[in-house]
Amino acid sequence: MSTTMHRDEVAPAPAAVSSPPSKTSYWNWLRKSAPTAIVLSALAGLALWGHSTDWTLPKFSKMFGGGAVEMDDWCKEHGVPESQCIVCNTSLIARPTNYGWCKEHGVAQCPLEHPDVAQLNKEFSFTPDDLQRVDRALALRPRAENNSRCLLHERPIQLASLQAMEKLGMDIAVVVRRPVIEAVVANGEVTYDQTQSARLASRVTGTVWRVEKQVGDRVEKDEILALIDSAEVGRAKGEFMQAISQQRLKNKTADRLKLLASDGTIPGRTYQEAEAALQEADIRLLGAQQVLVNLGFVAKASDYAAMSTDEIDKRLRFLGLPAEQVAALDGESTTSNLFPLRAPLRGVVVARDAVAGEVVDTTSTLFGVANVDRMWLTLDVRQDDAKYLQLGQTVLFQASRGYEESEIKGSLVWISTEADDQTRTIKVRANLPNPDGRLRANTFGTGRVVLREDSQAVVVPTEAVHSDGCCNIVFVRDKHFLKEGAPRFFHVRKVRVGVTDGDVTEIIAGLLPGEVIASKNSVVLEAELMKSNLGAGCCEVHMTKK
């Protein structure tokens, strides 16, 4: 058998020879494995740290205590050096006298009754006015109360150093006096005084003959706003003039027949008939006169007794028009049908719907006139607040932003006897003086009905007041805080809160002017105070310790 291979047969390929990995492959493997190795190393380090510290985070006072402290001289519970801890070492500071609870003012360790508890470097002297202001404020309306069993005020909050306050971003404020106003606040609207405003229509139907006043014009009482050409007026004047003529005729006839009847020339019955006719003419004249009076004209028959017919006609033609206006008219061509529409009060023309040549009737409102020297403010007061209101109380009105900056002072003159059936609020009204015309009708804004004004109220920054759930507290800096070597701590003081006005809050009782308190970031002290009470109320923890 021949061992020679044909040309078309393919020889098997030689076996592949292995080679060491390239440098590129090694770095790719290292790049993929490195993150896993780093994570495993971090977890191992965290486990070692947790085991050594018993998985406990350091307190804020250790983190911001300032300066190196030996660990065996550290009070873990209160976050300060053990040798300086005023809670553990009660001999480090003089403990104040425990005066207990003040029922009259609703605070513990009341500085109003016991000024020596105040953290002041000099004695504070009270005046009778100080105590009277406090009594008035507490009696005016219910105030937030403190729990008499709560003993948090016995727990001082100590800092490791002055630097700790800076690192924590804390700041202080001084308790000061400042005027405050306690008021019931409600939204309201300004309108014209309805007793000093009117919308006018013509008493007769006719055509507007001339318009004398425009919107914005000031007018006096009885000043003419427009003239109406009315056939009804001409007819009433004609009947009055005819009644005068008939009365004169009947009067002359009765006088003549009276003489004849007295000497027997004519029978007495004829005179009696003439006298009856005269009485009828008098009644008719009175009726015609009353028609003119009803239209607003001043007409007395006795004023025309001595006039001739031409004089009566001229007088009646311009009846009700002032002399200066009569002089400007053409007496011969002017109609006698003119009815003057007059302003019923002094004020400003606030609306005008009359146009010369327009046909009007007694239902058409032609003008609006209002006295703007005084405006009405109507407020919608909550029912809970209405019980504190009394007539005569001062009202301060602030128009909507961008309209009027300063408040306008008025007086409360009306309190509604019913609640609104939709909003369930009580409407009250105040009179607001407006001599310079700053107020505008239909203006919205906020009104404050003043319940109490105190020019010497004790106030603090609002951010300095905290609530622990059962009490309102403020942190008062110890009066020896800045002395070299003295413990740095704050007293916990319970307070009665009054008015809050933006960034300041009134303290009715619990603080004295001149005391220094923690203000900015004082929540850090509150957190430290509450830390030991987690899981229990403030009263429960301290009552148990007691």
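Trainee: What makes the space of about 180 Å³ in this model a cavity?

Mentor: In this predicted model, the largest cavity has a volume of about 180 Å³. The term applies because a 1.4 Å probe fits at its points but cannot get out.

Trainee: How do you know which residues line the largest cavity?

Mentor: A lining residue has an atom within 4 Å of a cavity point. By that criterion 19 residues line the largest cavity, with D130, V134, R177, V458 and I508 nearest its centre. The elements giving two or more residues to this lining are α3 (128–140), β20 (443–461) and β25 (504–509). Strand β20 contributes the most, five residues. By class, the lining comprises 12 nonpolar, one polar and six charged residues.

Trainee: Why are helices α5 and α6 called roughly antiparallel?

Mentor: Helix α5 (residues 231–262) packs with helix α6 (residues 268–294) at an angle of about 160°, their axes being 8 Å apart. Angles over 145 degrees count as roughly antiparallel, and therefore α5 is roughly antiparallel to α6.

Trainee: Which hand does the crossing of α5 and α6 have, and what residues form the contact?

Mentor: The crossing of α5 and α6 is left-handed. Residues of their contact divide into 16 nonpolar, seven polar and six charged.

Notes:
Residues numbered from 1 in each chain as written. Predicted model: local features only at pLDDT ≥ 70, side-chain atom pairs only at ≥ 80, totals over all residues. Heavy atoms only, no water. 1 Å grid on protein atoms, 1.4 Å probe; cavity = no way out; pocket = protein on both sides within 12 Å on 5 of 7 lines; lining within 4 Å. Points joined across faces, edges and corners; volume = space filled by probe spheres on them. Helix = DSSP H or I, 4+ residues; strand = E, 2+ residues; numbered from the N terminus. Nonpolar A, V, L, I, M, F, W, Y, C, P; charged D, E, K, R; others polar. Axes fitted to C-alpha atoms, helices over the stretch in contact; angles between N-to-C directions. Parallel < 35°, antiparallel > 145°, perpendicular 65-115°, else oblique. Left-handed = near helix turned anticlockwise from the far one by under 90°.
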